[in-house]
Amino acid sequence: MHELRRFLVCTFLALATTSALAQNTQTAPNQKPKPVQTEPQGGMGGISSAGTFAPVYDENKRPITAGGTVDKGVVVFEDATRASGLSTWQHVMGTKQKKYILETDGSGVGLIDYDNDGWLDIYLVNGSTYDALSGKKTPPHAALFHNNHDGTFTDVAAKAGVQNDRWGFGVAIADYDNDGWPDIFVGNFGHNRLYRNNHDGTFTDVAEKAGVTLGNWSDGATWGDYDGDGRLDLFISGYVHYDLEHQPESLNTGGVAFSFCQLHGIPVMCGPRGLPGEGDHLFHQNADGTFSDVSVKAGVSDPGRYYGFTATFVDVNNDGRPDLLVANDSNPNYLYLNKGDGTFEDRSYVSGFALNNDGREIASMGLGVGDYDNDGRVDLVVTDFSDDYKTLYHNDGEGSFTELGSEAGIAQVPVPFVGWGVGFPDFDNDGWKDIMMINGHVYPQVDEHDWGTTFAERPLLFRNLHNGKFEYVPAVKGSGLAALTSGRGAAFGDLFNNGKIDVVINPIDGPPVLLKNVDPDHHHWVELKLIGGANPANGKTSPRDAIGATVYLTTNGMRQREDVMSGGSYISSSDQRAHFGLGDATDAGTMEIHWPSGAVENVKLPGVDRIFTIFEGKGITSVLCEKQPCTSKPRSAPKHMERSGRR
């Protein structure tokens with residue numbers, strides 16, 4: 001039935017004309033534009049795409065990736081980069097020419113409350129240079145920006161000991177040792193880092209002792225307790241198996257076909273197609289804090305050596321066990337269902353997640369996870385290369401998905417954009433998850449040619465219309481949505497503890513971008529910081545930071561879902577507090593928390609516009625109101641809480 005539905009969707013999809021797309025990016029948003037050249041360009045830089053599309057320009061003849069702004073409208077985000085102090089730091093990756101693929105993919109960003117003061121701090125991974133790798137120059141540093149609680153941030157990476165000084169890519173935040181303090185994993189080209197939090201504002205790199213250094217090109221990462229032993233395990237995606245001594249050039253060297261190193265007939269960097277892939281790794285955490293590589297035994301070793309980017313542990317079939325998703329560049333995506341016996345079943349093709357609804361693999365980069373239609377199941381949004389459709393996978397239940405990007409209205413506008421970071425932030429707190437995409441091209445050469453695209457691109461925001469469809473939100477001139485950046489990693493979270501979801505972007509070769517949410521809505525909200533504990537019913541214990549927990553909120557006539565995850569977007573790690581928009585409701589409703597231990601708690605929330613800390617088995621233990629501790633304590637936790645076993 002699933003394959004029949006896929007066939008029917010592919011058969012009856014309406015195609016928008018390229019002339020309509022060129023005139024107005026909002027025309028027929030639920031229709032796919034038609035490529036001028038319909039043969040997929042497998043040789044186009046070695047990147048999978050749908051074909052070659054007509055260039056899209058705005059009324060001022062600017063490429064739509066940098067233009068298309070409007071003079072008036074609602075300002076949703078403002079660019080707060082300079083005001084926050086983040087502009088003092090610079091991302092660097094290779095050379096400006098981007099001759100090799102190692103220089104093009106950029107790095108992630110992690111949101112972490114490293115000092116447990118209740119405010120999110122920002123960790124920005126940096127790349128490196130060839131001179132730094134050879135010891136000729138000082139390497140660029142990663143940044144750890146401490147939140148000063150007044151809208152500004154201070155870089156304390158040197159003092160904290162987390163500068164990395166290696167060619168960095170992905171980041172995943174988690175309290176892996178269950179001591180109540182979040183730690184940082186950084187995936188590198190070369191040896192990885194695992195920074196253990198010392199509880200005093202500093203970290204110690206324990207990657208070698210823990211056994212997770214690896215040694216070639218680690219890209220994305222995600223933490224999750226896949227076997228339910230209460231200890232977080234680590235999955236690391238591998239990208240390309242790369243040899244610095246034999247880098248593939250666009251002059252047909254290194255064994256790479258010349259056709260894989262061209263864009264519109266112009267020589268560009270090669271790959272990933274035509275290059276050897278790097279396998280994936282699942283590390284099981286042992287009782288002593290070391291890790292064992294169980295990739296082959298668990299069935300997630302990636303024997304095909306796909307080009308892995310973003311990975312996320314999350315329960316996709318609602319059986320209480322974390323499954324594993326991997327977005328692969330120019331290869332089919334992976335969906336591994338957790339069998340509950342320490343192994344996974346590869347359901348990539350059967351589930352519908354491996355390919356788009358045209359039956360094609362795409363250049364998957366970013367992976368967003370969220371229940372956009374409030375049906376209790378997590379859906380997926382995937383960003384990819386330009387000249388292709390961004391995909392939205394609707395969860396049909398039992399680990400089955402239907403790709404509905406076109407029907408949902410997100411297929412047309414993003415076609416000229418190269419998409420990276422992505423998520424489902426409810427930017428207006430109406431209780432319905434929206435979609436945001438962070439963009440930026442990989443080839444600097446596009447600025448030298450009239451191809452209708454640019455190296456620096458603006459973000460894209462789509463508002464949820466509450467009916468399975470989304471509406472493109474125009475970028476107001478001078479606002480955050482009009483900010484041009486060669487975006488890569490992005491993390492979403494409430495940086496100012498005001499109930500608004502902000503965005504931090506880690507671009508390639510530039511300062512970070514902080515998009516502060518200033519949407520004028522007056523909707524209410526609640527946020528939850530969960531702390532795992534023991535389940536006396538079965539003797540199991542949740543990870544301390546509750547990664548793997550699923551939370552449902554019932555209020556205002558609907559039931560929303562949030563999941564506590566590490567990893568996602570594009571090789572990044574977002575706010576792990578569960579955030580719920582309430583619309584105009586003044587009743588915060590009741591939380592149904594499915595803990596990783598198997599326990600289920602129902603907690604009545606005593607007020608709106610608050611950040612609640614909930615300890616497993618103890619209910620609400622602390623509350624923040626309007627950025628400060630609440631003056632009136634909520635009623636004792638047991639009155640808000642009922643306990644039952646896993647359903």
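These legends walk you through a few close-up views of the structure shown above.

**About the model.** The model is predicted, so to speak of a local feature a pLDDT of at least 70 is needed, side-chain atom pairs count only at pLDDT 80 or more, and totals for chains, interfaces and linings use all residues. Residues are numbered from 1 along each chain as its sequence is written, and side-chain values use heavy atoms, with hydrogens and water left out.

**View 1. A salt bridge links Asp509 and Lys98.** Welcome to one of the 18 salt bridges in the structure (a side-chain nitrogen of Lys or Arg within 4 Å of a carboxyl oxygen of Asp or Glu). The closest N and O atoms of Asp509 and Lys98 are 2.6 Å apart. Look for Asp509 in the loop between β31 (502–506) and β32 (513–517), and for Lys98 in the loop between α3 (81–84) and β4 (109–112); the pair therefore ties together parts that are 411 residues apart in sequence. Helices (H or I, at least four residues) and strands (E, at least two) are DSSP runs, numbered from the N terminus. Both Asp509 and Lys98 are buried (buried means under 20% relative accessible area, exposed over 50%, and partly exposed in between, with a 1.4 Å probe and protein chains only).

**View 2. Arg193 meets Asp205 in a salt bridge.** Here the closest N and O atoms are 2.9 Å apart. Arg193 belongs to strand β10 (residues 193–197) and Asp205 to strand β11 (residues 203–205), so the pair ties together parts that are 12 residues apart in sequence. Arg193 counts as buried because its relative accessibility is 15%, while Asp205, at 29%, counts as partly exposed.

**View 3. Glu471 and Arg463 form a salt bridge.** Their closest N and O atoms lie 3.1 Å apart. Glu471 is partly exposed, with a relative accessible area of 37%, and Arg463 is partly exposed at 24% relative accessibility.

**View 4. Four strands make an open sheet.** Follow the order β3-β32-β31-β30, in which the pairing is antiparallel; two strands pair if DSSP finds at least two bridges between them. At the edges stand β3 (77–79) and β30 (489–493), each with a single partner strand, so one side of each has no neighbour in the sheet. On average, neighbouring strands of this sheet are turned by 20° against each other, direction ignored (axes are lines fitted to C-alpha atoms, for helices over the stretch in contact, and angles run from 0 to 180 degrees between N-to-C directions).

**View 5. β31 and β32 run antiparallel.** Three bridges join these two strands.
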